[in-house]
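Trainee: Could you pick a single part of this structure and take a close look at it with me? I would like to know how it is packed and what holds on to it.

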Amino acid sequence: MATEAPAPPIVLIHGLWLTPRSWEGWKERFEARGHEVLAPAWPRMEGEVEDIRRDPSPLNGLGITEIADHYARVVSDLPTPPIVMGHSFGGVITELLLDRGLGACGVALSPAPVKGVLRLPPAQLRSAIPVLGNPANRKRTVELTPKQFHYGFTNTMSDEDAQAAYDRYEVPGPGRPLFQAAFANFNPHAASKVDFHKDDRPPLLVIGNDADHTVPASVSKEAAHRLAKSKAVVDYKEFHGRPHFTAGAPGWEEVADYALDWAVRHARTAAPAATVSP
């Protein structure tokens, strides 16, 4: 009698200005469906939100490659290739891990642009100005104000709910990843470079939100279009009326369920574990 394959593990990768706490609802929901769920912090982000706010200096100069290598080790140490889900800059890391052949499949939620994605809507530029407006921020860690967080993450939410989200989830973030992404198209060795023509890339779902200011849906859609130049599976799904705060804005359950259902269908659970690229 055939036995049902075990539920694949899931690795959740948070984005800039957030911590693993931002995944708390998703982690609980996925665990209730029988998955082992890991939500590790970026390197140098030990401690809770409150600890990081007190002293964000360890994050100064943290860049995309260091973050990607950190999660590559997490994924490679698992006995079974996991589903990898990442939000915003976590979406970039997800795409980089798949490019290395890691993971069973991936979901990139409002992913920050990799090298080669050219669209730059005004709302996205406005969201990035608090960091990119000062070149010295490349080596600094930058705190968003409640007003900036409301514009960039929680613009569809009430002032009261946006402030509550800021108080619970926002942390200062390193400026370097934003500079690396902003200037990637001028750098032949950009840290955010992936191979758009990689045919053996694990399946990828890109999710966009049409009310997103930080990564507008048009940017997410362009990323999916460029990644689909290969023969690998690349799907795109857009949600209406949702902001950048994908994991926590009201109605997040619908997004989480769609992402997980897609990932379970596409997970290559029988694939051998990959090794970390040097």
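This is a predicted model: local features need pLDDT of at least 70, side-chain atom pairs count only at pLDDT 80 or more; totals for chains, interfaces and linings use all residues.

Mentor: Residues are numbered from 1 along each chain as its sequence is written, and side-chain values use heavy atoms, leaving out hydrogens and water.

Arg33 forms a salt bridge with Asp261, with 2.8 Å between the closest N and O atoms (a side-chain nitrogen of Lys or Arg within 4 Å of a carboxyl oxygen of Asp or Glu). Arg33 sits in the loop between H1 and E2 and Asp261 in helix H10, so the pair ties together parts that are 228 residues apart in sequence. Asp261, with a relative accessible area of 33%, is partly exposed as well.

Helix H10 covers residues 252–266, and at 1.5 Å a residue its 15 residues should span 21 Å; the end C-alpha atoms are 21 Å apart, which agrees (the expected span is 1.5 Å times one less than the number of residues).

Which residues of H10 are buried? They are Trp252, Val255, Ala256, Ala259, Leu260, Trp262 and Ala263. Seen down the axis of H10, these buried residues fall within an arc of 165°, so they line one face of the helix (the arc is taken from the directions from the helix axis to the C-beta atoms). Glu254 and Arg265, on the other side of H10, are exposed.

What covers the buried residues of H10 includes helix H1 (24–32) and the strands E1 (10–13), E3 (83–87), E4 (105–109), E7 (204–209) and E8 (234–239) (contact means heavy atoms within 4.5 Å). Those strands belong to an open sheet of six, in the order E2-E1-E3-E4-E7-E8, with parallel pairing (two strands pair if DSSP finds at least two bridges between them). E2 and E8 stand at the edges with a single partner strand each, so one side of each has no neighbour in the sheet. Further in, E4 and E7 run parallel and are joined by four bridges; Ala108 has Val206 in E7 as its bridge partner.

The nonpolar cores complete the setting (a core is a set of buried Ala, Val, Leu, Ile, Met, Phe, Trp, Tyr and Cys residues joined through side-chain atoms within 4.5 Å). The largest has 57 residues, and those with the most contacts inside it are Ile13, Trp42, Tyr71, Phe89, Ile93, Leu97 and Phe245. Helix H3 (residues 64–76) gives the most to this core, with seven residues. Apart from it lies another core, of 25 residues, including Val107, Phe239, Ala247 and Ala267.

At 13% relative accessibility Arg21 counts as buried, whereas Glu48, at 43%, counts as partly exposed.

Definitions and conventions. Helices (H or I, at least four residues) and strands (E, at least two) are DSSP runs, numbered from the N terminus. Buried means under 20% relative accessible area, exposed over 50%, partly exposed in between (1.4 Å probe, protein chains only).
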